[in-house]
Amino acid sequence: MTTADTAAAPRARGPLALARRAVLYAVLALAALAILVPFLWMVSASLKRNNDVFTIPIQWIPQDFQWGNFTEIWTRVPLDTYLGNTVFLSLVITFLQVLTGSFAAYGFAKVRFRGRDTLFMLYIATIAVPWQAYMIPQYIMMQKAELTDTFLSLILIQAFGAFGVFLMRQYYLTIPDELCEAARVDGLSEYGIWARIMLPLSKPALASLALLTFVNTWNDYMGPFIYLTSNDLWTIQLGLRSFVGQYDADYAMMMTGSVLSVLPIMIIFLLGQRHFIQGIASSGMKG
Amino acid sequence: MADLLTATPATASAAPPPRARDRRRARRNTLIGWSFILPNFLGFAVLTLVPVLAAFALSFMEWDSYNPPEWVGLDNFERLLNDESTKIALRNTAYYALGHVPLTMLAALGLALLLNRKIAGVGFFRAAAFFPYITSMVAVAIVWNMLFNPEFGPVNQFLQFLGVDSPPGWTTSTTWAMPAVILTSVWRDMGYYMVLFLAGLQAIPVEQYEAAKVDGASTWQRFRAVTLPGLRPVTFLVLVLLTVQSFKVFDLIVVMTDGGPGRATLVLSQQIYRRGIVEGEFGYASAISFVLFLLVLVFTLVQFWINNRRERR
């Protein structure tokens, strides 16, 4: 009934519906353009001569494209080191977070034992505590362990987050217990159930968690800013920031660097867009 | 198949096993449960739980890297009340939150309402609205700093085109730096909350709209009577998340204005970083973090309370 109704409506109204649809698309296009303007500016400026970045009126399309900016920047700053560091950190942290997170989530979702729910509440409670509120003692601990200015400090801080446990647990709860029960009857150990049944079944949630963690680590500024002081350990975000400080009038180059720092994330987003959205929607909804 | 599976636990409970076996099984389950949780819990306990508790204790101590910690009671909090820059940071954080929370919420809700329909190409528009959220703060701050350039930036060129004679100086002006930061953060964050609102809108049963239509409700009336009440849980969640997020703002401000001009955009997180990590005053910085935590907690609890009261009505 409902579907027939809505399907018949546009035909019945004819031109009016068509006009409404056109207005809707115009509004949407305008909104999308307004949201994307900063990116257009970024890409356009990255391909200009420095003198052409700030002109009145704005040139949205560069007069002659300076593709050379994208090769020159590598000679000005050790971008390859920064990118390498960022890829390394993002991969290691994501791997550990997904592994320990999904492992712990199985314990929270599918094994019944005393104290489990209290422990989980403890996890949830710390999600609500801002990192800024405990970063000082954390820093002191790292300092005492002589781990500041190493990758290990950041990996330790970020790889065991409560968020991953939370996200995976929410997903495991939607997988029926009967499935685990049947596997137990078939003689599979709990670890076997996790590895052979839960992991394959939770691929969408694993993908969401992996993508969100990877992007967060890639984009993180405050963590590396506090912990990494040696230039050869810097991530792309620190490198970009320091580049802006050094060449503060080199606008075209600043934009070239920004494009290069955003590009990998954009590719990942285009490939895994569905998982991003689902991960956020589900972590929020069941919270 | 499904019947077979559900039958198993039922037959197991039909013959109650002796107590000893029960206890053994409980112990076994505890061991198994902990073995799953432990790898994550070790990292979590050492690096999150302990620091959270330590932060609380530290805020009552005086401690720098050279001298041993000393219990000073409420001295740090007293100092906080007389520290001009901490007070400014507190005020600026409140200002930021007052702008960021409602504006992001409105923008996100607007986008969600606009994009909650089944039309061709809606996926593209949703992706476009979401994309700023996963762009790094550093890149966002650099780009927007240029967009807000007082003389040549596109923002002011656009304002002049609209007929504004002397557009604001944005990040170079003490009055306009915070609005510039707020606008940038609204632009970046609205896509994330749009996703939450979209999920909320899709959870509202279509029948409710149909019923309202049959009753002759206008679009606005349907929004007031069906959409808004249906969205209440999501709205509450968004409100809490946004508040927490605005109280801990750091990256954007550090890169965009570094607290300036003067101290016009200095915020609490920055103050904690400066006092604690740069100057090594661990006790005092922890007291500021404690205040930050209390603020977040109080706001969250108040929102919980209001939400509960509304739900009961």
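Residues 83-272 of chain A are 78% helix and 0% strand, with the end C-alpha atoms 21 Å apart; helices here are DSSP runs of H or I of at least four residues and strands are E runs of at least two, numbered from the N terminus. The model is predicted, so to speak of local features takes pLDDT of at least 70 and side-chain atom pairs count only at pLDDT 80 or more, while totals for chains, interfaces and linings use all residues. Residues are numbered from 1 along each chain as its sequence is written, with chains lettered from A and ligands numbered from 1 in the order written.

**Where the chains meet**
- On chain A, 72 residues are in contact with 71 of chain B (C-beta atoms, placed from the backbone, within 7 Å).
- Helix H14 (residues 251-285) of chain A gives the most to chain A's side, with 13 residues.
- That side has 51 nonpolar, 14 polar and 7 charged residues (Ala, Val, Leu, Ile, Met, Phe, Trp, Tyr, Cys and Pro are nonpolar, Asp, Glu, Lys and Arg charged, the others, Gly among them, polar).

**H4 against H7 in chain A**
- H4 (residues 79-110) and H7 (residues 151-159) of chain A pack at about 35 degrees, axes 9 Å apart.
- A:Leu89, A:Val92, A:Ile93, A:Leu96 and A:Gln97 of H4(A) meet A:Phe151, A:Leu154, A:Ile155, A:Gln158 and A:Ala159 of H7(A).
- This contact has 8 nonpolar, 2 polar and no charged residues.

How values were computed. Contact = placed C-beta atoms within 7 Å. Axes fitted to C-alpha atoms, helices over the stretch in contact; angles between N-to-C directions.
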